Amino acid sequence: MARVSISAVWDRTTEFLGERSGAVLAIAGPAIAGCLFAQQLTQKLLEEQPVANSVVSILLQLPLLWAQLQVMALAIDPSVTPAEAVQRASNRMPATLLLWLVLLAVVAAAMIPAGVLLAASGVPIERVAALGPNADPQAVAALIPQGAVPFLLATLFYLGVVAIALLVLFLRWTLIYVVGLVEALALPALRRSWRLTRRMTLPLLGVSLLYGLVTLVATLAAQTVVGAVLALIFGRSDGFGIAAIGAALATACVAAAMTVIAASFIAKFYLAARRAEDLG
């Protein structure tokens with residue numbers, strides 16, 4: 001299969017965003033921003049309840065996926081109207097949910113050996129977690145029993161290997177949702193995405209790293225600048241002050257824009273991969 005040109009895909013992405021930004025803003029943009037804003041608020045509300053925080057954050061991924069499918073539908077077919085994009089995304093949500101659950105299951109299964117190693121080490125995880133994210137290293141060391149170090153080193157090594165394996169796996173599965181949307185596939189979308197991304201792991205890794213860096217810088221800048229300006233106007237306050245809410249909203253809007261870009265790029269990459277496959 002011929003290789004896909006990342007620069008050409010990016011050109012198609014910018015063209016789409018320039019031509020159909022109104023349609024994206026009419027349907028998917030507000031939904032994506034709303035989900036991301038809700039995540040920001042959840043993190044503050046449930047800061048002392050990490051399990052509940054994680055559950056809510058995971059559940060918010062579902063409407064976020066639905067909105068991204070709408071963007072992909074618009075990017076795949078220029079003749080699709082916003083209403084049709086919503087309908088197509090809704091029709092494919094069951095298959096998308098199945099794929100999403102498979103990804104969660106893969107991650108969960110990969111973490112089981114790490115949990116077994118930690119349990120074998122005898123480290124009291126709950127007591128260590130209760131010390132908080134900024135715990136005194138000496139307090140943490142006092143909770144680690146003798147003989148646990150080999151297990152902890154084995155856990156770190158395993159997590160490093162798993163992180164690399166999952167990164168490669170998820171890069172090759174980049175197209176599963178758009179494949180499910182366009183080709184009406186469910187679990188076979190995993191194999192189809194793997195085939196379409198053949199020989200593109202490193203280019204996709206480069207794009208992902210660049211995207212992650214730009215997203216991080218943009219969201220931190222929005223949070224810092226907006227938060228600082230609102231704090232000067234309304235004053236700083238703990239919890240849900242105007243400055244904190246405004247900063248969270250600004251961060252969500254910037255992250256929503258980056259999410260739309262990512263969904264559009266994936267859709268255009270899929271089209272390019274299909275053309276490369278046809279050319280052999």
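**Close-up 1. Packing of helices H6 and H9 in the predicted model.** H6 (93–121) and H9 (149–172) are roughly antiparallel to each other because their axes make an angle of about 170 degrees, and over 145 degrees counts as roughly antiparallel. The two axes lie 9 Å apart; axes are lines fitted to C-alpha atoms over the stretch in contact, and angles run from 0 to 180 degrees between N-to-C directions. Helices are DSSP runs (H or I, at least four residues) numbered from the N terminus. On the H6 side the contact (heavy atoms within 4.5 Å) includes Leu103, Val106, Met111, Pro113 and Ser121, and on the H9 side Phe151, Thr155, Tyr158 and Phe170 are among the residues met. By class, this contact has 19 nonpolar, two polar and no charged residues (Ala, Val, Leu, Ile, Met, Phe, Trp, Tyr, Cys and Pro count as nonpolar, Asp, Glu, Lys and Arg as charged, and the others, Gly among them, as polar).

The model is predicted, with local features needing pLDDT of at least 70 and side-chain atom pairs counting only at pLDDT 80 or more, while totals for chains, interfaces and linings use all residues. Residues are numbered from 1 along each chain as its sequence is written, and side-chain values use heavy atoms, leaving out hydrogens and water.

**Close-up 2. Crossing of helices H1 and H4.** H1 (residues 6–26) packs against H4 (residues 61–76) at an angle of about 130 degrees, and their axes are 10 Å apart. That makes H1 oblique to H4, the class left after under 35 (roughly parallel), over 145 and 65 to 115 degrees (roughly perpendicular). The crossing is right-handed (the near helix is turned clockwise from the far one by less than a right angle). Phe16, Arg20, Ala23 and Val24 of H1 meet Val71, Leu74 and Ala75 of H4. These residues divide into six nonpolar, no polar and one charged.

**Close-up 3. Contact of helices H1 and H2.** The axes of H1 and H2 (residues 28–45) come within 3 Å and cross at roughly 55 degrees, and the two helices are therefore oblique to each other. Val24, Leu25 and Ala26 of H1 touch Ala28, Gly29 and Pro30 of H2. Five of these residues are nonpolar, one is polar and none is charged.

**Close-up 4. Lining of the largest pocket.** The lining comprises 34 residues, with Gln68, Ser208, Tyr211, Ala262 and Ile266 nearest the pocket centre. H13 (242–279) gives the most, with eight residues. The lining divides into 28 nonpolar, six polar and no charged residues. A pocket is an open set of points on a 1 Å grid over the protein atoms alone, where a 1.4 Å probe fits, with protein on both sides within 12 Å along at least five of seven lines; lining residues have an atom within 4 Å of a point.
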